[in-house]
Amino acid sequence: MVNAPNIEYLDFYDFVSDYIFVGGLPSVAKARVNIHKSFEDWDWRKQGNYGNRASRLLKSISNVWRLMLTGYTLQCLSYSDPNWATYCNLVYLELGFDPLNGPVLLPDLLRSSPKLEALVFPEGLTVIGEREYDVNRDIFFDYCWSPPEQVPECLLLSLKKIEIHIFVAMKMKS
């Protein structure tokens, strides 16, 4: 059990096992969360519990002002109940690439971050991967999402910067 009320920086890398409980982290100002799935003992019937443990970790650091989530973390969170904490102090959000779950979770993350000023995609929004679509032998996963019905507050009032560090353009066939 991790209960550290005065800790200010959290770099969490784990498989979110049944034996680890992380909570009581109200002072965390900066956090990097990298949660992986343990494929060796993965049980699809328990994926909700797995996602909910990751969600509990994020709720325990809801006072954070700078948050970095890897693509694996987004994948894990996709198995959780969609009951996000409100990140009232969050001004910087960095998201790893996850082509399936990132676009689905992004609107919820934006809605939960009313003061967000910077949104960063260090791995870009398109990565080389496996897919049927083939443009000149380059195969890409696209980050495709449907805009939310309501515009998140941060997009209207506080967001100042969106960074996409890697940009991959696709050539269209003539």
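Two strands are taken to pair if DSSP finds at least two bridges between them. Helices (H or I, at least four residues) and strands (E, at least two) are DSSP runs, numbered from the N terminus. On these terms, Leu 69 has Leu 95, in S6, as its bridge partner. S5 and S6 pair in the parallel sense, over four bridges. S4 and S5 also pair in the parallel sense over four bridges. There, the bridge partner of Lys 30 is Arg 66 in S5.

The model is predicted: local features need pLDDT of at least 70, side-chain atom pairs count only at pLDDT 80 or more, and totals for chains, interfaces and linings use all residues. Residues are numbered from 1 along each chain as its sequence is written, and side-chain values use heavy atoms, with hydrogens and water left out. The pLDDT is the predictor's confidence in each residue, from 0 to 100. Its mean over the protein chain is 79. Of the residues, 73% reach 70 or more. Over residues 129-137 the pLDDT is below 50. Beyond near neighbours in sequence, this stretch has 16 contacts in the model, a contact being heavy atoms within 4.5 Å.

The protein chain contains four helices and 10 strands. From the N terminus on, its elements run β-β-β-β-α-β-α-β-α-β-β-β-α-β. Among contacts with a separation of 6 or more, 67% join residues 24 or more positions apart. The chain has 174 residues, and 42% of them count as buried. Buried means under 20% relative accessible area, exposed over 50%, and partly exposed in between (1.4 Å probe, protein chains only).

In soluble globular proteins, nonpolar side chains tend to be buried together. A nonpolar core is a set of buried Ala, Val, Leu, Ile, Met, Phe, Trp, Tyr and Cys residues joined through side-chain atoms within 4.5 Å. The largest such core here has 34 residues. Those with the most contacts inside it are Val 33, Leu 58, Ile 61, Leu 67 and Leu 95. At least two core residues come from each of S2 (9-14), S4 (30-35), H1 (47-60), S5 (66-69), H2 (71-77), S6 (92-95), H3 (102-111) and S7 (118-121).

Helix H3 is mostly covered, with seven of its 10 residues buried. These are Gly 102, Pro 103, Leu 105, Leu 106, Pro 107, Leu 109 and Leu 110. They pack against S5, H2, S6, S7 and helix H4 (153-157).

Side chains of opposite charge can pair when their charged atoms come close. The structure holds two salt bridges, each defined as a side-chain nitrogen of Lys or Arg within 4 Å of a carboxyl oxygen of Asp or Glu. One joins the side chains of Arg 111 and Asp 108 (2.4 Å, N to O). These two residues lie three apart in helix H3, so about one helical turn separates them. Arg 111 counts as partly exposed, at 43% relative accessibility. Lys 161 forms a salt bridge with Glu 163, with the closest N and O atoms 3.1 Å apart. Lys 161 is partly exposed at 39% relative accessibility, and Glu 163 is partly exposed at 24%.
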